[in-house]
Amino acid sequence: RSISQTSANLSWANPGGATSWEIVVQTAGSAIPTGSGVQTNVNTNYPATGLTSGTNYQFYVRANCDNGTFSAWAGPFLFSTAANYCGGNHFYDTGGATGTYNNSANVTTVICPDTPGDQVTVIFNSFNLESSYDFLKIYDGNSATGTLLGNFTGATIPPSFTSSAVNGCLTFVFTSDTSITSTGWDATIICGPPPTCPKPTAVNITNIGQNGATINWTETGTATTWEVLILPAGSTVPLPSATGIITTSNNYIAAGLTSATSYDVYVRAICSPSDISFWSNKTTFTTLIANDECINAVNVPVNTTTTCSLVTPGSVLGATASTQANTCGGTDDDDVWFKFTATSSLHTISLLNITGSTIDLYHVLYSGSCGTLTQLYCSDNENSTASNLTIGQVCYIRVYTYSGTGNQTTTF
């Protein structure tokens, strides 16, 4: 079969010596034909035309046995038209838009602009490969002998790339090992003249608080106006049609954010109303949680019986290290604070329903006040017993993940 973006030459065997057939070409997954097809007298290189690029098709064929009788439909026989990336077709791994990619893959895809002088830009919308075993390499130019722009694995979405080669092409080499696959990638391809308004780089987040943060970036051209887009973390990569907040300061202060929430940030330069850059590569940050410091400890109600009918939810998402002394184990770089008032000399502390990136939590009990805390004990167990307390005494509970790995998402 010879296949292009909009046509395909189809062939089939002729074991019965027929001289006429009917053929039906349809999108993959369609039901077996119930009516008649298109009559043809050729069974080699039948021209199927008017097809859509980057689409999976199937065809059925049946022999004309004369006198108005036909054989049973044979098929479906599958084929796919070539993708027109510059025309809007997305660039996928070998599993396509919805499937998983193949094991033992070694596939090279070269994407070039249709118009000489244009450049290819790739923008990844999603990305998930088996980490450290399956890889996508991106080269500048029309072969893998060009400059290696990046080698990517795992679930972190790669940055966007624009070809700087004379031919304007990008080359993608995908390899996978013999076991374990994943959902692969979905990428948008843009073909156009070299950008005259370069996108900002080095987007950085500082002064992160519970409800705001400062966003700054490096302007690589001459723009003095920019557009900032803040999205919930994990959102789809924005299209050129997406709109954000216009600013004339590259030290933008974002306000009105939600505590303990992760956000994705993109920035683009506005060189003129008709000349706007691509969106920058994504930067992600998490606002601080409300009880990140001892002074903002969440009050925990005390149960009157051993049944935990009163519980208080907790999370370490957005938590940072506190300055209070701690001689216990683990790494308290994501501690959160709670407090309770003793109603007995003996209380049980339980961390329940632990889920998220790790379930290994540590907690420390203190007495006193935030400025002059006295450490009472440490507990690596989710349950501990505080004894010798004085009724009316305020105690503080410091909870953190045992691991020093950052950006933990544990809830309890």
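Trainee: What counts as a strand here, and from which end are strands numbered?
Mentor: A strand, written E, is a DSSP run of at least two residues, and the numbering goes from the N terminus. Keep in mind that this is a predicted model.

Trainee: New topic: cysteines. How many disulfides are there?
Mentor: The count is 5 disulfides. If you number the bonded cysteines in sequence order, they pair as 1-4, 2-3, 5-6, 7-9 and 8-10.

Trainee: Let's take Cys112 and Cys169. How far apart are their sulfur atoms?
Mentor: The sulfur atoms of Cys112 and Cys169 are 2.1 Å apart, and the two residues form a disulfide.

Trainee: Is that disulfide right-handed or left-handed, and why?
Mentor: The torsion about the S-S bond of Cys112 and Cys169 is about 110 degrees, so this disulfide is right-handed. Cys112 lies in the loop between strands E9 (106-111) and E10 (119-128), and Cys169 in the loop between strands E13 (161-162) and E14 (170-175), so the bond ties together parts that are 57 residues apart in sequence.

Trainee: Are those two cysteines buried or exposed?
Mentor: Cys169 is buried, at 2% relative accessibility. Cys112 is partly exposed, with a relative accessible area of 33%.

Trainee: What about Cys197, which cysteine is it joined to?
Mentor: Cys197 is joined to Cys271 by a disulfide, with 2.0 Å from S to S. The angle about that S-S bond is 85 degrees, and the link is right-handed. Cys197 is in the loop between strand E15 (184-192) and strand E16 (201-206), whereas Cys271 is in strand E21 (residues 262-272), so this pair connects parts 74 residues apart in sequence. Cys197 is buried at 2% relative accessible area, and Cys271 is partly exposed at 31%.

Trainee: Which disulfide is left-handed, then?
Mentor: The link of Cys294 and Cys370 is left-handed, with -85 degrees about the S-S bond. Cys294 sits in the loop between E23 (283-286) and E24 (298-299), and Cys370 in the loop between E27 (361-369) and E28 (372-379), so to speak distant parts of the chain, 76 residues apart. The sulfur atoms of Cys294 and Cys370 are 2.1 Å apart, and Cys294 is buried at 2% relative accessible area.

Trainee: Switching to charges: where is Asp134, and how far away is the nearest side chain of opposite charge?
Mentor: Asp134 is in the loop between E10 and strand E11 (135-140).

Trainee: Which backbone nitrogen lies 2.8 Å from the Asp134 side chain?
Mentor: The backbone nitrogen of Asp177 lies 2.8 Å from a polar atom of that side chain. Leaving aside neighbours within four places in sequence, Asp134 has several contacts, including Tyr101, Phe152 and Ile180.

Trainee: Last one: is Asn125 buried or exposed, and what does its side chain make a polar contact with?
Mentor: Asn125 is buried, with a relative accessible area of 13%. This residue is in strand E10, and its side chain makes a polar contact of 3.0 Å with the side chain of Thr188. Not counting residues up to four places away in sequence, Asn125 also touches others, among them His90, Ile157 and Val237.

Note on methods: Residues numbered from 1 in each chain as written. Predicted model: local features only at pLDDT ≥ 70, side-chain atom pairs only at ≥ 80, totals over all residues. Heavy atoms only, no water. Disulfide = S-S within 2.5 Å. Helix = DSSP H or I, 4+ residues; strand = E, 2+ residues; numbered from the N terminus. Buried < 20%, exposed > 50% of the residue type's maximum accessible area, 1.4 Å probe, protein only. Polar contact = N/O pair within 3.5 Å; in protein donor to acceptor, adjacent residues only side chain to side chain. Contact = heavy atoms within 4.5 Å.
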